[in-house]
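This report walks through selected features of one protein model. Keep the sequence and the 3D view open while reading.

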Amino acid sequence: MFLKRMLIGMLAISISAPVVFAQQTSSANQKKPNVVFILADNVGYGDMGPYGGGELRGAPTPRTEELAKSGVKLTQYLVEPACTPSRAALMTGQYSIRNGLSLVAETGTPSTLPGKAYTMGKLFKDAGYATAIFGKWHLGASPQSLPGAHGFDQYYGLPPDVSWDSATYVAQAIQTHSYPNVSEKVLYEKGPWISQQKGNGPLQRVKPFTMEVRAEIDNELTEKSIAFMKQENAAGKPFFLYLPFSMGHSPNLSSKQFAGKSRIGQYGDKLMEGDYHVGQIMDALKEMNIEDNTILVFASDNGSTGQYMMTYDRLGLGAPDMGSNGPFRGDLGEATEGAVRTFCFIRWPGHIAPNTTSYSMFSTMDFMPTFAAILGAKLPTDRAIDGVNQLDMLTGKSKTGNRESLISFIGADLVAVRWKQWRMYFRDMNRTGTGQQMLGGIAANSVPMYYPKIYNIEMDPHEDLQLVNYESISVNAFKLIQEYLASVKKFPNPPPANLTNFSQR
């Protein structure tokens, strides 16, 4: 690549419907459920209709609202502070730092998924599933890091070490005359290309990832996803489809079909387009008559970006290319509630009660052990697994679920802990720059403190009121940290991600 990427609680449980669905007993002749996992990119808690966005945000999301009514909506779905960390946590069921991926992966750096990592692709592949990913991997381009090396039969999408904004790389190089003696043809030849992989074969380049391709990419990814589902269903084989599409990530260049459809500019257009694609997946499952035997998840990898991406307003009409994190503070790249708390819907007819809302704390890492429980699979014991099995919560057997805490990392630093409704920070996120260009999120500086900051996010969702004299809360947070440190002694972490310190390389 020629250009670097841009700068880079529970005291109550709420279940809205009283119906309790018991988990159906596994039997030898029971058909394995298909699993479809759709992952949005940097869509905030306040963007989607069921969370108070949608029509009120100027971008209606009717198909997502339909999905919410047919399954459970999680209101404490927690992720990691940025794209690569969240995707690593989802795929491995571990904190991203355990695989050296606690920062956004950058081309040319050592940040890459280790070959020994055990991923969701491997889990389903070992269980006899057909597996595919169409979209963004962002866990590294080294041979041992590719989707095919981790259980996926098919991969089609972005170069596996970059994100959606890589479509701008060549255009930026041309605009700034960064390579004055290199022709545009050569720049596009050397720039990011849409790639594909069959099994664990070589990564193949398909076509340059241009701005035009970026605008229509989700159409292509959805079409390939539906074709994959139909093929495997016709073959009588259960499938795991991972569809991490571009909805929400700047630059939100919508397809021709949705350009100008929302009332808030290109970000809203892309929300509406993504909602449409979710509906297409739902329609395809219904058409194949397999929706009752398919677990469908629709979630976001992070909260929304802040001001540091608003310059992607390509029309210059004052409609920032950024979403809403609802009542929560902070932007993608921080460890604040707005960055690590976002939306998630899960549908599994006959197992998960429809039209329900759960306040149970649920981490993106919890999907791995939950799916393993559904499959009757055992997870490896030679590593720490930080996710917990949440099947009883999803099926109504447990009101509280199995999680009450979460640790957040940025690079080498343990920066925050959630315990029940309490959030404790050990490092401060200071904005950089001055005036209107004071930037948070990935552009913020992480600053150590002598004493932690404590907030009650139920009483104070925006974290405006710092609390003191809460030693009883601190004790629980410090206990969690000691347990984590003990696990690191047993299962040492690789060197943590760091893009500014080269002394150990």
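## A loop asparagine

Is Asn 99 buried or exposed? The model is predicted, and in it Asn 99 has a relative accessible area of 6%. The cut-off for buried is under 20%, so Asn 99 counts as buried.

Asn 99 sits in the loop between helix H2 (83-92) and helix H3 (120-126). Beyond its neighbours within four places in sequence, Asn 99 is in contact with Thr 92, Gln 94, Thr 112, Leu 113, Pro 114, Ala 117 and Pro 494.

## Helix H2

Ten of the ten residues of H2 are buried, so the helix is largely enclosed by the rest of the structure. Among them are Cys 83, Pro 85, Arg 87, Leu 90 and Met 91. What do the buried residues of H2 pack against? They pack against S1, H3, strand S8 (239-244) and helix H9 (367-375).

Gly 93 follows H2. Its phi is positive, near 70°.

## Helices H6 and H7

Two packed helices are described by the angle between their axes and the distance between the axes. Helix H6 covers residues 211-234 and helix H7 covers residues 266-287. They pack at an angle of about 10°, with their axes 10 Å apart. Angles under 35 degrees count as roughly parallel, and H6 and H7 are therefore roughly parallel to each other.

On the H6 side, the contact residues include Arg 214, Asp 218, Thr 222, Ile 226 and Lys 230. On the H7 side, they include Lys 270, Glu 273, His 277, Ile 281 and Glu 287. By class, the contact has six nonpolar, five polar and six charged residues.

Glu 287 and Lys 230 also form a salt bridge, at 3.5 Å from N to O. This pair links distant parts of the chain, with Glu 287 in H7 and Lys 230 in H6, 57 residues apart. Glu 287 counts as exposed, at 58% relative accessibility. Lys 230 counts as partly exposed, at 35%.

## Other salt bridges

Side chains of opposite charge can pair when their charged atoms come close. How many salt bridges does a search of the whole structure find? The search finds 23.

One of them joins Asp 47 to Arg 57, with the closest N and O atoms 2.9 Å apart. Both residues lie in the loop between strand S1 (34-40) and helix H1 (62-69), so the pair ties together parts that are ten residues apart in sequence. Asp 47 counts as buried, at 0% relative accessibility.

Arg 423 and Glu 337 form another salt bridge, with their closest N and O atoms 2.7 Å apart. Arg 423 is in strand S16 (residues 422-430) and Glu 337 is in helix H8 (residues 337-340), 86 residues apart. Arg 423 is buried, at 1% relative accessibility. Glu 337 is buried too, at 0%. Elsewhere, Asp 41, Arg 87, Lys 136 and Asp 301 are linked in a network of salt bridges.

## Nonpolar cores

In soluble globular proteins, nonpolar side chains tend to be buried together. The largest nonpolar core here has 65 residues. Which of its residues touch the most other members? They are Phe 37, Ile 346, Phe 367 and Phe 371.

Phe 371 touches Val 35, Phe 37, Met 120, Leu 123, Phe 124, Ile 295 and Val 297, leaving out residues up to four places away in sequence. A second, separate core has 46 residues. Its members include Val 36, Ala 167, Phe 209 and Met 282.

Conventions. Residues are numbered from 1 along each chain as its sequence is written. This is a predicted model: local features need pLDDT of at least 70, side-chain atom pairs count only at pLDDT 80 or more; totals for chains, interfaces and linings use all residues. Side-chain values use heavy atoms; hydrogens and water are left out. Axes are lines fitted to C-alpha atoms, for helices over the stretch in contact, and angles run from 0 to 180 degrees between N-to-C directions. Helices (H or I, at least four residues) and strands (E, at least two) are DSSP runs, numbered from the N terminus. Angles under 35 degrees count as roughly parallel, over 145 as roughly antiparallel, 65 to 115 as roughly perpendicular and the rest as oblique. Contact means heavy atoms within 4.5 Å. Ala, Val, Leu, Ile, Met, Phe, Trp, Tyr, Cys and Pro count as nonpolar, Asp, Glu, Lys and Arg as charged, and the others, Gly among them, as polar. Buried means under 20% relative accessible area, exposed over 50%, partly exposed in between (1.4 Å probe, protein chains only). A salt bridge is a side-chain nitrogen of Lys or Arg within 4 Å of a carboxyl oxygen of Asp or Glu. A nonpolar core is a set of buried Ala, Val, Leu, Ile, Met, Phe, Trp, Tyr and Cys residues joined through side-chain atoms within 4.5 Å.
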